[in-house]
Amino acid sequence: MPRPGLVLDVDRSTPPILFHHGESFRLEKLPPGRSRIVYPAEPLAPLKDVAGAIDDALDHPLDSDPLSARLFPGMKLVIAFDDVSLPLPKMRRPDIRQRVIEAVLDRAAAAGVDDVRIIAALALHRRMTEAELRHAVGDRVYDAFAPEGRLYNHDAEDPDDLAFLGTTPHGEEVEINKRAAESDLLVYVNINIVSMDGGHKSTATGLASYRSIRHHHNPATMEHSRSFMDRHSSELHHANWRMGEVIRKAGVQVFQIETTLNTDTFGDTGPLSVLQKREWEWTTRDRVTFMGMKAGLDRMSASARRRIFQGWEAPYGVTSVTAGAVEPVHERTLEHCFAQHLVPVEGQTDVLTMGLPYICPYNVHSIMNPILVMCLGLGYFFNLYRGKPLVREGGVLILSHPTPWEFHPVHHPSYIDFFEEVLADTTDPKVMADTYEERYANDEWYRHLYRTSYAYHGVHPFYMWYWGAHALRHLGSVIIVGGDVKAVRRLGFRPASTLQDALEMATDTVGPQPTVTHLHNPPIVMADVT
Amino acid sequence: MADRRTPATRVERALRSARDAGRRLPSPARAVRAVEFPLRAPSVPAGVEPPERKARLGAAYDTAWARSPAARLGRLALLEGVMRPVIRAVADPERRGYDRLVGLDGPAIFAANHLSHLDAGLLLTSLPEPWRHRAFAGAAADYFFDTRVKATMAALALNAIPIERTKVTRRSALLAADLIDDGWSMVIFPEGGRSPDGWGQPFRAGAAFLAVRCGVPVVPVHLEGTGRILPKGTSRLVPGTTRVTFGTPLRPSPDEDMRDLAARIEAAVTGLADEVAGDWYAARRRAHAGESPPLSGPDASAWRRAWALGDRRSHRRPARTPWPLRD
């Protein structure tokens with residue numbers, strides 16, 4: 001029986017606590033008597049018969065006829081799937097998307113469906129490479145569909161493959177992939193690694209264009225998504241749900257298949273298994289492994305460390321597969337997500353600390369640049385709450401990450417200009433949206449790189465910054481421990497050499513003897529704050 | 001008229017002398033033949049009925065020793081140290097479908113089509129852990145166990161057990177079932193023998209019987225390419241490439257008849273063959289429509305069957321690429 005999450009009050013007997021620090025780690029002492037640590041639950045027991053669960057979901061869907069009954073000869077079938085940003089880190093083969101897509105295709109084959117398209121729903125993310133597509137859908141599906149151009153990446157800038165479906169009552173334009181919109185059935189295969197994913201967001205964002213996405217990826221929406229991990233309190237999700245209604249009214253038939261994974265990120269054997277244990281349970285072997293790993297990593301070049309970590313494949317277990325109509329499926333999926341991630345926490349804190357790991361959704365096989373550090377810390381991790389933020393309004397967020405002034409020139413070309421031009425001018429999301437966003441979004445060179453190379457869309461760094469808009473407004477100060485000083489200052493944050501220095505600096509904002517909470521993440525944990 | 005015979009050269013004379021000297025040396029074969037009783041077995045006098053000897057070869061060969069710790073260690077060394085490099089050099093296998101085995105737990109029966117003597121080695125070296133070093137093979141009793149040397153080699157290298165092909169006996173089946181119950185996985189070729197012409201033969205029900213009897217899944221496996229390297233009827237290896245494709249495990253349902261399961265196994269291997277020849281989705285379309293090209297090939301005369309095989313039967317060394325000529 002896996003143990004639930006835990007809030008540990010730190011006292012003098014508490015050992016130093018593991019902080020992720022990019023492609024390395026730090027062990028830090030938290031002040032006793034006024035600190036607490038939020039630990040994730042242990043991985044839930046996975047499904048023993050995943051193939052059986054997939055079959056059951058497809059044959060007994062929620063609020064829908066069985067998938068087989070919705071397939072017929074001569075129909076146009078589109079299967080869309082989540083892109084390389086999920087799950088993190090990537091899962092060991094076979095990826096759950098492959099297993100679901102093969103089961104869907106097997107039924108399509110039985111029904112005699114010829115016209116099938118398989119589309120990576122990547123919105124404004126970079127295109128997936130052949131290796132990444134093969135990893136996600138498997139070699140059999142790739143070899144059967146990709147050579148004839150029937151498996152491809154969504155292109156949010158292709159004027160010939162976008163269909164305008166209408167406008168929501170709030171004036172939000174809905175424009176999605178034309179082939180998906182005109183199909184007789186759109187099967188969406190998702191992975192809900194956190195509660196933010198899935199639901200109408202899958203189609204309304206994953207297969208949408210810039211024209212459509214800009215209506216909810218903006219500072220106002222993000223500031224009012226509290227948090228975007230809690231869909232009922234998230235303006236981001238409200239907008240997507242309104243768009244989902246427009247898609248439904250336009251006659252697009254969506255068969256949603258959502259899956260959830262447990263938090264078995266580093267496994268229970270192997271060198272990284274220590275990262276999944278609570279520090280006081282580390283054995284001698286764990287400690288020796290950790291020290292050896294850290295000593296080795298500290299002596300490696302950044303690119304070698306990146307290669308090692310980006311190569312890691314998590315042994316996740318599948319905890320649920322649900323199919324049918326979008327909304328009931330997503331509600332069921334959220335139950336599974338919350339069962340794994342939520343940990344009850346009482347009250348807010350003055351100072352929130354986090355160790356940021358080596359990966360976020362936008363640097364798979366890439367570099368975690370300073371903008372992504374901000375997005376991961378102030379966007380994703382800060383928003384891992386339900387109810388109230390873990391840190392009080394005007395509180396301090398302390399992040400631990402090397403924050404290198406380094407960018408992947410192929411994946412993140414517009415990030416470089418954003419960092420040099422926009423952030424040098426302003427860190428206010430609203431100002432940068434009004435002054436710069438349009439120019440970056442419509443830049444022909446960025447558009448060309450997005451469509452033909454492996455670059456994120458020109459507007460993407462703005463979205464990353466907006467992702468942290470709620471935290472920027474909520475927090476009194478942000479401090480980054482162990483980061484590149486110039487890069488941290490460019491972000492508008494304060495650099496610190498050690499956690500003790502950062503805690504000392506935090507007293508300028510929150511007063512002496514502040515309460516401290518450490519979010520022990522990853523594996524993923526979400527605070528249910530009351 | 002001139003003498004057309006030319007005098008022998010010095011080299012020819014030397015060769016002739018060496019040959020003559022060789023003939024005068026004692027011959028080992030002659031020496032063996034010259035050995036008499038009691039150094040060799042006695043001949044049986046005419047009209048005497050010798051007492052019946054207990055059979056120790058063929059289906060009666062006892063392979064229990066091949067599963068002792070020492071033999072398993074030896075097989076591990078043979079499999080990893082000899083067989084695997086040889087297979088890699090000769091057959092250059094491309095292995096697919098391991099992802100279909102995720103979630104498979106405990107012993108299983110790996111049932112493959114059979115084209116060549118290489119198949120057992122190729123399949124055993126292709127099995128992933130934890131099955132590879134806890135597997136045994138079913139081998140023809142009349143072929144692999146007819147002499148003590150062959151029987152010992154088959155038992156040691158392949159952990160083979162003898163399977164009767166010519167008559168129905170319970171001994172082989174019970175031995176295989178006991179081993180499966182004991183946690184061993186089985187490699188079996190349900191066709192019962194190598195393909196005589198490159199096309200498949202009807203599957204027998206042995207694998208299905210064991211699966212139903214022991215309640216274990218059958219993993220269909222398709223082997224492609226070994227028929228080009230060492231087909232039946234030849235002893236010359238022509239190195240080439242092969243493909244090993246593992247299919248989705250088939251689990252016998254509680255009330256499933258073994259003939260139905262045997263048909264499912266054959267259909268699964270047929271589907272895998274179609275998948276290897278083309279693309280997976282088209283193969284699934286044909287499988288569901290019952291239109292997968294049969295493993296047994298077209299029902300036609302021999303030459304048309306051979307013709308339909310194309311280069312799948314070609315047992316020739318590929319022509320060397322000529323040195324590019326200058327324009």
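Predicted model: local features only at pLDDT ≥ 70, side-chain atom pairs only at ≥ 80, totals over all residues.
Residues are numbered from 1 along each chain as its sequence is written, with chains lettered from A and ligands numbered from 1 in the order in which they are written. The predictor gives the complex an ipTM of 0.76 and a pTM of 0.84.

Start with the place where the chains touch. Chain A puts 16 residues into the contact and chain B puts in 11; two residues are in contact if their C-beta atoms, placed from the backbone, lie within 7 Å. On the chain B side, H11(B) gives the most, with six residues. Helices here are DSSP runs (H or I, at least four residues), as are strands (E, at least two), numbered from the N terminus. The chain B side divides into four nonpolar, two polar and five charged residues, where Ala, Val, Leu, Ile, Met, Phe, Trp, Tyr, Cys and Pro count as nonpolar, Asp, Glu, Lys and Arg as charged, and the others, Gly among them, as polar.

The partner of H11(B) (residues 280-288) is H2(A) (residues 96-111), packed at an angle of about 50 degrees with the axes 7 Å apart. That angle makes H2(A) oblique to H11(B); under 35 degrees counts as roughly parallel, over 145 as roughly antiparallel, 65 to 115 as roughly perpendicular and the rest as oblique. Axes are lines fitted to C-alpha atoms, for helices over the stretch in contact, and angles run from 0 to 180 degrees between N-to-C directions. From H2(A), Leu105(A), Asp106(A), Ala109(A) and Ala110(A) meet Tyr281(B), Arg284(B), Arg285(B) and His288(B) of H11(B).

Within chain A, domain 1 covers 6-42 + 341-529 and domain 2 covers 50-261, with bounds from an automatic or database domain assignment. Between them, 31 residues of domain 1 are in contact with 25 residues of domain 2.

The peptide bond from Leu86(A) to Pro87(A) is cis, with omega near -20 degrees, and Pro87(A) sits in the loop between E5 (76-82) and H2. Another cis peptide bond joins Arg226(A) and Ser227(A), with omega about 0 degrees.
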